[in-house]
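Student: I have a model open and I'd like to go through it with you. Can we start with a loop and work outwards?

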Amino acid sequence: MYACCGALEDSKRIFSSVSEADLVLWTSMIHAFGMHGHGVEAIGLFRKMEEENIIPDHITFLVLLYACSHSSLVEDGKRIFKIMEMKYNLEPWPEHYACLVDLLGRANYLEEAFQTLKTMKSGPTEALWCSLLSSCHVHSNKELGDIAAKKLLDLKPQNPGNYVLVSNAYAARDKWEDVEEVRFTMKGMGMKKEPACSWIEIGNKVHTFVAHDKSHQCCDEIYRNLAYVTKKLEMEGGYVAQTKYVLQNVEESEKVELLNGHSERLAMAYALLVTHEKTPIRIMKNLRICGDCHTFIKLASRFLQREIIVRDYKRFHHFRNGACSCGDFW
């Protein structure tokens, strides 16, 4: 519970207070390290667990592979996958393959990730093709990306999230005709894209923001504060909007405006208004944080001297003094 709320130190304290931890507790603590980007610590804890003669199960290896994936521990991840099969005689689930493909793809071992898909006895699942397509998008691999996109839509044509992922991959390569075709298909099937939103809890009340939100009672103050922070980061931190993260066919100036209104920035600007200057800011987001917002919040943590924690749908990002716990790998 503590780890899921961003309080990793509290999780460690609770774990250390238990004299005889069982498999569930060991696995939970390994997962806590993994979701906060502490892959090395997760592996170290697994080794201690083995020394205590605690036998890992499928879930233990799943969270271990997740930890490796989010810390770019490629060789460790491949070794752990082999240990699961050869030492503990555990048949990998599709979820284990998904973590391995995610690990390889994030590290730009895309061909190896693709070959891993082919070794599955039951055949690649939707999650595996999603993972490969996302990695191809990040690393600009057109050939494998097109294969993954086709396989994904053939496998699960009724999932709107898959169409959004494919559309974003096309948009990143300026294939606007293909983007329009995908969006037209979605519209014809009655599908809608899930809107990005961020939320923050202040005084036992949850404040939710969507992009360019104007519904909050402190709307004017929020936008004034965000404009002040943006100008400060431009002048002192050298911040320049990375418009490549705007996957819309619009002018550059409009792309900058779109980035400036992202929901996590609005949540941060509000928190800066109403919280004590020494209090960590904790933001939750339903989708992946974009690269430009990641850079923006890194700079904000340095030049505003605030710890900012963002939990997107993938993992936690702890921003302190201009750096992120993910090491810019997420």
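Student: Where is Asn321 found?
Tutor: Asn321 is in the loop between strand 5 (316-320) and strand 6 (323-324). Strands here are DSSP runs of E with at least two residues, helices are runs of H or I with at least four, and both are numbered from the N terminus. This is a predicted model, in which local features need pLDDT of at least 70 and side-chain atom pairs count only at pLDDT 80 or more, while totals for chains, interfaces and linings use all residues. Residues are numbered from 1 along each chain as its sequence is written, and side-chain values use heavy atoms, with hydrogens and water left out.

Student: Is Asn321 buried or exposed?
Tutor: Asn321 counts as exposed, because its relative accessibility is 57%. Exposed means over 50% relative accessible area, buried means under 20%, and partly exposed is in between, with a 1.4 Å probe and protein chains only.

Student: What about the phi of Asn321?
Tutor: Phi of Asn321 is near 50 degrees, which is positive in a residue other than glycine. Most residues other than glycine have a negative phi.

Student: Where does His212 sit, and what is its phi?
Tutor: His212 is in the loop between strand 2 (205-210) and helix 12. His212 is not a glycine either, and its phi is positive, about 60 degrees. With a relative accessible area of 35%, His212 is partly exposed.

Student: Ok, new topic. Which strand holds Trp199?
Tutor: Trp199 belongs to strand 1 (residues 197-202). At 30% relative accessibility, Trp199 is partly exposed.

Student: What is Trp199 in contact with?
Tutor: Leaving aside neighbours within four places in sequence, the contacts of Trp199 include Val206, His207, Arg282 and Lys285. Contact means heavy atoms within 4.5 Å. Trp199 and Lys285 are 86 residues apart along the chain, and their C-alpha atoms are separated by 6.6 Å.

Student: And Asp292, buried or exposed?
Tutor: Asp292 is buried, with a relative accessible area of 0%. Asp292 lies in helix 15 (residues 291-303).

Student: What does the side chain of Asp292 reach?
Tutor: The backbone nitrogen of Gln242, at 2.8 Å. The side chains of Asp292 and Arg265 are also joined by a polar contact of 2.3 Å. A polar contact is a pair of N or O atoms within 3.5 Å; within protein, one must be able to donate a hydrogen and the other to accept it, and residues adjacent in sequence count only if both atoms are side-chain atoms.

Student: Which helix is Arg265 part of?
Tutor: Arg265 is in helix 14, and Arg265 is among the buried residues there, along with Leu266 and Met268. Because 10 of the 12 residues of helix 14 are buried, this helix is largely enclosed by the rest of the structure.

Student: How far does helix 14 reach?
Tutor: Helix 14 (residues 263-274) reaches 17 Å from its first C-alpha to its last, close to the 16 Å expected at 1.5 Å a residue. The expected span is 1.5 Å times one less than the number of residues.

Student: Which residues does the DYW annotation cover?
Tutor: An unreviewed UniProt entry gives "domain: DYW" for residues 238-330. UniProt positions are in the numbering used here, feature names are shortened, and annotations may be inferred rather than shown by experiment. Over residues 238-330 the chain is 37% helix and 17% strand.

Student: Last one: how many helices and strands does the protein chain have?
Tutor: The protein chain has 15 helices and six strands. Of its 330 residues, 49% count as buried.
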